[in-house]
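Please open the structure in your viewer and keep the selection tool at hand.

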Amino acid sequence: MAGRIKIRAQKKGDMTEVKALMRHPMETGMRKDQAGDPIPAHFITEVSVFHGDQPVMQGHWGAAVSANPFLGVRFAGGEAGDTVRVVWTDNQGGTGEGETTIR
Amino acid sequence: MTTIHAKGISRRGWLRWTVILSAAAALPGRVWAAVARPEAAFGATALDDALAALGDTPQVHEGIQFTTPDIAENGAVVPIRVEVDSQALPNVSKVSVLVEMNPNPLAASFDIPPGTEVYIETRVKVAQTCTLYAVAEADGQLYMQSRETKVTLGGCGG
């Protein structure tokens, strides 16, 4: 299950602002469905942001990050046209990836 | 690559990121998780335990700017922002966000390599009205800033 990521990278002065919106249920494992059966935990555990090949941020997430998570980060440098990539993996082995160019 | 060298990163630091990066390229996510995920802190069910797992007791630091809503109508989606003034508090390598009354207080933890602004925006679930903490690690020391957020509808849904 590969999730898509909506991602935008914009140059702001001497730094680049990245905003990413991921599609993911982020189930905590503590909720029950209508039949009263527990809904298994399903959430993004790791999310990384790359500028070209270089990591600019790595996040470790718990289930307390909201469903369809939003992430905003800023890093120094970056030129228009450079590639910015966001990658995630979840606790069930799912992955997602999104890529954009800085504008 | 040139920018990171210009920032004066040590050879070891550079090596570390290179290793992490190549590992990540080979097996996205999984390897990084093994390297750096603070499992004990994520598993903690009380705020003090989570803080203890992260390191020492954090000191309040004015260089950390922590923005949360005063009142969150929906506890399932509470926007937060952590910003650190690098003049006031340099060398921050990690930022964690904790929600006091959640079943597991640690919501998220971010590793920040040199050259990245300490600026994180995301949204978290807040089970009930309580205090939220932003904890920054710089040179092995923990610093924090806290904010109370009132929740009118809990974050646990169903």
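How many helices and how many strands are there in chain A? Chain A has zero helices and seven strands, where helices (H or I, at least four residues) and strands (E, at least two) are DSSP runs, numbered from the N terminus.

Before continuing, please note that this is a predicted model, in which local features need pLDDT of at least 70, side-chain atom pairs count only at pLDDT 80 or more, and totals for chains, interfaces and linings use all residues. Residues are numbered from 1 along each chain as its sequence is written, while chains are lettered from A and ligands numbered from 1 in the order in which they are written.

**First selection: chain A**

Select chain A and follow its sequence; the pattern reads β-β-β-β-β-β-β. Its C-alpha trace spans about 55 × 20 × 20 Å along the principal axes. Of its 103 residues, 44% count as buried; a residue is buried if 20 or more other C-beta atoms lie within 10 Å of its own, exposed if 12 or fewer, and partly exposed in between, with C-beta atoms placed from the backbone.

Now colour chain A by pLDDT, the predictor's confidence in each residue, from 0 to 100. The mean for chain A is 93, and 97% of its residues reach 70 or more. Among the elements of this chain, strand 1 (residues 2-12) of chain A has the lowest mean pLDDT (87), and strand 3 (residues 44-51) of chain A has the highest (96).

Select chain B, whose secondary structure comes to five helices and nine strands. Along the sequence, the pattern is α-α-α-α-α-β-β-β-β-β-β-β-β-β. Of the 158 residues of chain B, 37% count as buried.

The pLDDT of chain B averages 82, and 75% of the residues score at least 70. Over residues 1-7 of chain B the pLDDT is below 50, and beyond near neighbours in sequence this stretch has ten contacts in the model. Residues 26-34 of chain B also have a pLDDT below 50, with 18 such contacts. Two residues are in contact if their C-beta atoms, placed from the backbone, lie within 7 Å. Where pLDDT is low, the predicted coordinates should not be read in detail.

Which residues touch the most other members of the largest nonpolar core? Among its 59 residues, these are Val95(B), Leu98(B), Ala107(B), Val124(B), Ala134(B) and Ala136(B). A nonpolar core is a set of buried Ala, Val, Leu, Ile, Met, Phe, Trp, Tyr and Cys residues joined through C-beta atoms within 7 Å. Strand 8 (residues 130-138) of chain B gives the most to this core, with six residues. Centre the view on Val95(B): not counting residues up to four places away in sequence, its contacts include Val82(B), Phe110(B) and Ala134(B).

**Fourth selection: where the chains meet**

Display both chains together. The predictor gives the complex an ipTM of 0.92 and a pTM of 0.82. The contact takes 33 residues from chain A and 42 residues from chain B. Strand 7 of chain B supplies eight residues, the largest share of the side of chain B that touches chain A.

Finally, select strand 4 (residues 54-61) of chain A and strand 6 of chain B, which run antiparallel and are joined by four bridges; two strands pair if DSSP finds at least two bridges between them. Within this pairing, Trp61(A) stands opposite Ala108(B) in strand 6 of chain B.
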